[in-house]
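This report describes selected local features of a protein structure, with attention to backbone geometry and aromatic side chains.

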Amino acid sequence: MATKPLPLLAATCALLTGCAGHAANGALDSNAQPSDQRAMQSDICPAATKPVSIPVGSTFREGEWLRDAYSGARVQVSDGQVTLTPAPNAEGLILLEAADPQPQSFEWAGATVYFAITDRFANGRTDNDHAYGRHDDGEQDIGTFHGGDFAGLTDRLDYLAELGVEALWISPPVEQIHGWVGGGDQGDFRHYGYHGYYALDFTRPDAAFGTEAEFRELVDQAHQRGIRVVMDIVMNHPGYSTLQDMQDFGFGGLFEGFEKYLPERWGDWQPESWENLHAYHALIDYDHPAWSRWWGKDWVRAGIADYPDAPSVTLDPVKGSLSFLPDFRTDSKEPVDLPAFLAEKDDSRARNLPNATVRDYLIQWHSDWVRRFGIDGFRVDTVKHVEPEAWAQLKVAAQAALDDYRADHPDAVLPAEDFWMVGEVFPHSVTRSHYYDNGFDAIINFDLQDDALAGAECLPDMDSIYADYSDALHGDTPFNVMSYISSHDTRLFSSEAHQDPQLQKRVAAALLFSPGTVQVFYGDESGRADGPNGSDPHQGTRSDMNWNALEDPQTAAILAHWRQLGQFRQRHPAIGAGRHQKLSESPYTFSRVSDDDRVVIAFARR
């Protein structure tokens, strides 16, 4: 039978993550390294338990009273130094601030961003767990929806506030494909769009995540606590086609007579004993004329029916297809009408826009979330696979939408006046690239995950890294990055640390003292372990948040340490936004100063 290569490969390529990060950036070789190739040595330098003298340089004046934020001890500067003993649980850290620190203005460069995959974080209501007829798989539920939702996030906002979190990055909230595709290289699990990167309708929240009212409550309650909300967005691609979506929306087609191989509800199809979950593609006629009722040839490159082919992403990063996903034609200058299935979708907010291109529609749909809910920023997926001018256009539209929201809600608590955009560009490091000239306020820094490994064992090993980062960020043309130690597209630090509780405590300092914005991946602060992954090594990084473990004394101690450091960073944006200056080798001591905000941080080893 005739087949088109792209949809069949889409099955076998394994949808490695929902296409953010490694798959989305065509970096399958770089980011797919097994963690044991980067195993830590656990050569932990011992912390001091006796008084140490700490130089404060010119950061604090002679006679000034200081406070160790960890122990609460107060001490006066004498001869340019203070003498203190690290608190018993501080892992050798002494965190010096003015005895009565003054409130500081928020700076993104000093902010802590908490990234939660909504579906895997907290389940606030169970009645939406199987929206659109989705099922658990009765096995390991690697790629199914687990029940996390907006209501669950709202319930846990106080938890985030106690961590010192100043911005919540949520996975894309939009309606996902209703069905599943075969996951992993071996097609060994059903992969749904639980992560948010397989959009079906960009104008509505997915019912499994919650209602518009619940999303509004999440944003409003976050703002009440001074927490900004950063929404993950995708403009490079929609989700795959699935059997269930073909049936629900009447697009695509099967080979003649092949309906007999499908159950009444197509998404309930089961492979034969000799088949895997990729095998359903053999039922589908990818040359069928009814594929015009899906996105259509004017909207995406997909290599099916009369759709244009997508080149290899390695040859053309902008027009290529990532993980064989349909590629939006954001480069096209031709006006388009709504795709047929969206035009007929009763609950969609999508409407025909006069003279609008594909890019215009996508920008309108994304900025509408800002205009309606007061979103503070976007985390933008797959940045290098869309034309730079599209991002500049998005930034202008999002800022205008935020201005509209503020004007329409004069009494609302709104932390942000300036809309913020951070981009995912694998494998970007701490360098100022052209993306900063096209709408982005920050780019994700992929280097710290490796750089922080040594710092988790011994903080002084971070000094050259901190100095390099600081020098770059404060160069002739200052810029900002967002750094992390764990990611849904790479690996969890807890796996790197082999669940060592001391390393899981110590890495908090390596991350939270890094210059620029930092990102905590949900469970970094509690040692969340990998979950099952089948034949896709990255699925395990999206395990359920380990709420039950927080009562365990060892986990509670890790969390308490992260809270201490997180609240200290929150009080002092200079930690991220200030210049790094090393003051002493022993004890290892450095200062961060930005305007009138000043801190000195010391690590005392035996």
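## Cis peptide bonds

P427 is located in the loop between β16 (420–423) and β17. In this predicted model, the peptide bond leading from F426 to P427 is cis, and its omega is near 0°.

A cis peptide bond also joins S586 and P587, with omega about -5°. P587 belongs to the loop between β20 (579–584) and β21 (588–594).

A305 is a residue other than glycine with a positive phi, near 45°. The loop between β13 and β14 (327–328) contains A305. The relative accessibility of A305 is 23%, so this residue counts as partly exposed.

H498, likewise not a glycine, has a positive phi of about 50°. Its position is in the loop between α13 (493–496) and α14 (501–512). Because the relative accessibility of H498 is 53%, H498 counts as exposed.

## Aromatic pairs

The structure contains 46 aromatic pairs. One of them is formed by F251 and F341: the ring centres are 6.0 Å apart and the planes stand at 70°, so the pair is edge-to-face. Since F251 lies in the loop between α7 (243–249) and β13 (300–301), and F341 in helix α8 (residues 340–343), the pair ties together parts that are 90 residues apart in sequence. F251 has a relative accessibility of 2% and therefore counts as buried. F341 is also buried, at a relative accessible area of 1%.

The rings of F446 and Y484 also pair; with centres 6.0 Å apart and planes at 90°, the arrangement is therefore edge-to-face. This pair links distant parts of the chain, 38 residues apart: F446 is in the loop between β17 (442–445) and α11 (448–457), while Y484 is in strand β18 (residues 481–484). F446 and Y484 are both buried.

## An arginine over two rings

Over which rings does R228 lie? R228 lies over the face of F106, at 3.6 Å from the ring centre. R228 also lies over the face of W108, where the distance from the ring centre is 6.0 Å.

How values were computed. Residues numbered from 1 in each chain as written. Predicted model: local features only at pLDDT ≥ 70, side-chain atom pairs only at ≥ 80, totals over all residues. Heavy atoms only, no water. Phe/Tyr/Trp six-rings, centres within 6.5 Å; stacked < 30°, edge-to-face > 60°. Helix = DSSP H or I, 4+ residues; strand = E, 2+ residues; numbered from the N terminus. Buried < 20%, exposed > 50% of the residue type's maximum accessible area, 1.4 Å probe, protein only. Lys NZ or Arg CZ within 6 Å of the ring centre and 35° of its normal.
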